[in-house]
Amino acid sequence: MKIAFLFIGALVVMLLWNALMPDIFSLKELSYWQSVGLLLLARILTGNFYKPGGPRMAHRGFGPPRHLFEKWKTMTPEERDRFKEEWRKRCAGGKRFRKSDETSDLK
């Protein structure tokens, strides 16, 4: 299935490139196999070979790491409230970004 998406994606890349890039930037047109290579190169450079929601996604701003999620599930409601309050204190409750003089930390 991934191979089919690669070949269809390469066709889309080739068609879009050849429709836009030569006219806009005076670049050469791409052959189909050049577009396959370009698509693979982009995937390698971005490191985008992992499944969405996998363990690496937590480090890219898509939620907490799995071990914290598991810990959260085992917390009592009181522990969750303490945890939330601690993070509110750490984040200053958004006060750093308010414009009033009394709550601004950036005086």
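Visitor: How many aromatic pairs does a search of the whole structure find?
Guide: This is a predicted model. Searching the whole of it gives four aromatic pairs. One of them joins Tyr 32 and Trp 33, whose ring centres are 5.2 Å apart and whose planes stand at 80 degrees, an edge-to-face arrangement.

Visitor: Which residues do ring pairs link into a cluster?
Guide: The cluster consists of Phe 7, Tyr 32 and Trp 33.

Visitor: Which parts does the pair of Trp 72 and Phe 83 tie together?
Guide: The geometry comes first: the pair is edge-to-face, with 5.7 Å from centre to centre and 65 degrees between the planes. Trp 72 belongs to helix H3 (residues 66-74) and Phe 83 to helix H4 (residues 77-90), so the pair ties together parts eleven residues apart in sequence. Trp 72 is partly exposed at a relative accessible area of 26%, and Phe 83 also counts as partly exposed, at 35% relative accessibility.

Visitor: How are two packed helices described?
Guide: The description gives the angle between their axes and the distance between the axes. Here, helix H1 (residues 2-25) packs against helix H2 (residues 32-46) at an angle of about 110 degrees, and their axes are 8 Å apart. Angles of 65 to 115 degrees count as roughly perpendicular, and H1 and H2 are therefore roughly perpendicular to each other.

Visitor: Which residues make the contact?
Guide: On H1, they include Leu 6, Phe 7, Leu 11, Met 14 and Trp 17. On H2, Tyr 32, Trp 33, Val 36 and Leu 39 are among them. By class, the contact of H1 with H2 comprises 13 nonpolar residues, two polar residues and no charged residues.

Visitor: What elements does the chain contain, and how do they run?
Guide: The chain has four helices and zero strands. Read from the N terminus, the order is α-α-α-α.

Visitor: What share of the residues in the chain is buried?
Guide: Of the 107 residues, 13% are buried. The accessible surface of the chain is about 9,400 Å², and carbon and sulfur atoms account for 64% of that surface.

Visitor: What share of the contacts with a separation of 6 or more comes from residues 24 or more positions apart?
Guide: Such residues account for 22% of those contacts in the chain.

Technical notes. Residues are numbered from 1 along each chain as its sequence is written. This is a predicted model: local features need pLDDT of at least 70, side-chain atom pairs count only at pLDDT 80 or more; totals for chains, interfaces and linings use all residues. Side-chain values use heavy atoms; hydrogens and water are left out. Axes are lines fitted to C-alpha atoms, for helices over the stretch in contact, and angles run from 0 to 180 degrees between N-to-C directions. Helices (H or I, at least four residues) and strands (E, at least two) are DSSP runs, numbered from the N terminus. Angles under 35 degrees count as roughly parallel, over 145 as roughly antiparallel, 65 to 115 as roughly perpendicular and the rest as oblique. Contact means heavy atoms within 4.5 Å. Ala, Val, Leu, Ile, Met, Phe, Trp, Tyr, Cys and Pro count as nonpolar, Asp, Glu, Lys and Arg as charged, and the others, Gly among them, as polar. Rings of Phe, Tyr and Trp (its six-membered ring) pair if their centres lie within 6.5 Å; planes under 30 degrees apart count as stacked, over 60 as edge-to-face and the rest as tilted. Buried means under 20% relative accessible area, exposed over 50%, partly exposed in between (1.4 Å probe, protein chains only). Accessible areas come from the Shrake-Rupley method with a 1.4 Å probe; for residues, only the protein chains shown count as cover.
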